[in-house]
Amino acid sequence: MKASAALGCAAIMPHFFLPHPATMQANYHPEAIEKSVQHAWDEQQVFLAQDTSDKPKYYCLSMFPYPSGKLHMGHVRNYTIGDVLSRYHRMKGFNVMQPMGWDAFGLPAENAAMAHNVPPAEWTYANIDYMKQQLKLLGLGIDWTREVKTCTPEYYRWEQWLFTKLFNKGVIYKRTSTVNWDPVDNTVLANEQVIDGRGWRSGALVEKREIPMYFFRITQYADELLKDLDTLDGWPEQVKTMQANWIGKSYGCDVHFPYDQTSIGTDGVLKVYTTRPDTLMGVTYVAVAAEHALATQAAANNPALTEFIAECKRGGTAEADMATMEKKGMNTGLFVTHPLNGEKLPVWVANYVLMGYGEGAVMAVPAHDERDFEFAQKYNLAIKQSINVAGNAFSDAAWQEWYGDKAQGVCVNSDKYDGLNFQAAFDAISADLASKNLGAKKEQFRLRDWGISRQRYWGCPIPIIHCAKCGDVAVPDEQLPVILPENVVPDGAGSPLAKMPEFFECKCPKCGDDAKRETDTMDTFVESSWYYARYASPQCSTGMVDKAAAQQWLPVDQYIGGIEHAILHLLYARFFHKLMRDEGLVQGDEPFKNLLTQGMVIAPTFYREAANGKKLWLNPADVTVSLDDKGRATGAALTADGLPVVIGGTEKMSKSKNNGVDPQAIIDQYGADTARLFMMFAAPPEQSLEWSDSGVEGAFRFLKRVWKAAHDHIEQGLVAAYRAGELSAAAQALRLQLHQTIQKIDDDYGRRKTFNTAIAAIMELLNALAKFDANTAVERSVVQEVLEAAVLLLSPIAPHISDAIWAELRPDTRLHEQGFPVVDATALVQNEIDLVIQVNGKLRGSLRVAKDTDKATLETLALAHEAVQKLLAGVAAKKVIVVPGRLINVVM
RNA sequence: GCCCGAGUGGUGAAAUUGGUAGACACAACGGACUUAAAAUCCGUCGCUUAGGUAAAACUGGCGUACCGGUUCGAUUCCGGUUUCGGGCACCA
């Protein structure tokens, strides 16, 4: 009573005594609020991350954007999620670092350069300026002093430095690899630039070509990359599964097939790797890649085979294309011999065997491999059963599931191995191969070494000098960085750097003779593999990272980015962390403690086909879609000319498909808080989301309601928030809901990371507040308590409006200095609860009982319930199941 | 083709550990306020060729992509199918 009396006193103070500087605006004006709040944040440097602090650190990182031109909704989603988590942790007492930067090298800059005749550097820096201003409008709590741009020499010099260290160590090596070659433009094409087997600009049929490239020996770390997945408790299972499958550790056997002297004419063995050595006795042929030495030899006097090999070399290198194309082959006329029984086996050239994978040759067991089965049927090759599953009859007429089953199968038609199961046959056959020196057990990975050479201009130069005498020499530290000239416009026909003597002419660092600088640049995945570490000390001029700063900030506590990066980027970054660890630069084995994979924001795509077959992608904003009465699209037309366009798939927003939606219009019309709130309310973060702006209005309406609720309260005069005292039932119920909401939202932000449900709970709380009539001083203090908490709960998502309302509710304090609301346990106490009554699992009624009612009483009450009696109709219940706190199910 | 996900009202979604399907919103419809409109506020809102009623209320039945299984009870677990999305190593 004492407290409420004091509050009552405050409440009846005349309005002009209150320490309230100005009357609160009656209406919500986001543009003015957001501008002034952002200005205050900047002035007070609220989001500067402290390198030294008593508080625990929280490093919250969102995947940095490629500066494509404008933000799209995927960015808004990604960065709002990061900002919500950052602000929540700040309120929870953490020293938060939320940095931002630019993944600034890449192919789109070269395309834009060619289209607009402007150097990639100029285009990129202009995009960065524009997008940075857009990010600032969103009100993200970013420490901009740590901004990093990967295309600056200050950044990429350290990448070059690490390259030279790893090259000298042997972790980077050179060999040839297959690329897409455009024979008209005389240039290497990215997979994305190969459309239906043709070059995107020239329209020429693409060919495979072997060129020298530098590789990171990531396979040396394969085992560790696989094993350490088990330590990543904060990663989604889905991502860990994908990475494990990608690394693809297999237990198998190398098998050597000795050459048949008569047909091949020389000594030698054909090497293959198999995970099914138990089927070795069922091998009926071997298949080699078009580039394999045996294929070349056989083609020498065989024009048909020469033509077939040329055909195999046509088309791109993408695995999806290889896997879905029609399987074709041709006999070489050459033979190898079976390593165990000496049988002659024909050697075929097949388009599905790739030179770059393993040995460029495979053994074929048509009876027990579906792909081999189809191939053998097509070319009338022998199908020899060597495995049987009891109770089944083998027939070479059609493939059956069990043919490939290694769990139940045992060897048949396999001489001395007959009757052995998979493991026994595996062991016996590999032992016999080893004793003949024709093979051995081997663990192998699906993961291949990472080729990083790109024959492109807008990337980090590879710091290698080619000397006729000394070979490949790493550029010495004192000559780093190798600076990329920035005033170049590429023409799409080969690498510009290779045409610039002023760039490539140099002296050998070892012998001083004239030498040639490498003109390839690095894969842009290299830059994005270590930026997270650079943020700890972004201006460090003495090394890749300042070791103390890296130790202070790493690992990243929360990483947030699109699910499309689940494999490549995240695997390369994990690999780089281990490389840097082994150089003594960072500690720990993994860079990202917790990972949140954001679902794609997808949108429909529209295009028109030009006469030459090229697709011109049209932005959804410029297209009008006609719908039937069930809301299905029946057609689409360009709004400008009314002529039809083709409807493509619904895909992730991207520059290349021109289906990105710029958030600017929403920010301009409703403000950043509405844009953020709407994006977070639309779906949980991990779910993919088809973009639609219906509902933006509703998000804005909610913020207006919050503003009005605060305004109406403040108009009546401020009071201190409720502490203790007697309450009406309605006020008690409101406080119960408030503290349940605090508890729920704490869990939603902290553990579940579902912001849509947090918003729904705040909406419900405000709906309850709207229905609550505050008549007494104590009741008004409860309203003050609810409003203060609601604004704090909302602030990670809609920080500007929250900041502004807070300043009205608590005039002498600032919202960004407040902690997260604390649950009052006494408000949560309930004496009675509602239980559901089911009969046979179907809802039939409910029961309000004292909280601690025992099980036997509950059973009796349930059986006595009117609806239950009616259904039982005098028959005794078979069973009664009581789920404490939830329900009672009567089984009859 | 292979690997990983997802599918719930007209729409976005919720149901957190197997326990009340559709919270919270959007759209739509009806009403209040207004000279009018906007804004705001209130109400209705899964399907039903089942019963019930003048109309409602109400009482059933069905319903979480599809087929099957486990369970007292399945949106949730298991097997299969299907559609959509992500990745497949040079888009980032």
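Let's start with strand 1, residues 57–62, and strand 26, residues 556–562: in this predicted model, these two pair in the parallel sense, over 3 bridges.

What order do the strands take in the open sheet of 4 strands? Reading across, the order is 2-1-26-27, and the pairing is parallel. So where are the edges? Strand 2, residues 95–97, is one edge strand, and strand 27, residues 592–598, is the other. Each of those two pairs on one side only.

While you're looking at strands, here is a handy rule. In a regular strand, side chains alternate between the two faces of the sheet.

Okay, next stop, further along the sequence. Strand 34 covers residues 832–839 and strand 35 covers residues 842–850, and they pair in the antiparallel sense over 8 bridges. One pair to find there is Ile833 with its bridge partner in strand 35, Val849. Strand 34 and strand 35 form a hairpin with 2 residues between the strands. Have a look at Asn840 in that hairpin, please: Asn840 takes a positive phi near 50°.

Which way does strand 37 run relative to strand 34, parallel or antiparallel? Here the answer is parallel, with 4 bridges joining strand 34 to strand 37, residues 887–891. To find that pairing on your screen, look for Val839, which stands opposite Val890 in strand 37.

Methods
Residues numbered from 1 in each chain as written. Chains lettered and ligands numbered in written order. Predicted model: local features only at pLDDT ≥ 70, side-chain atom pairs only at ≥ 80, totals over all residues. Heavy atoms only, no water. Pairing = 2+ DSSP bridges.
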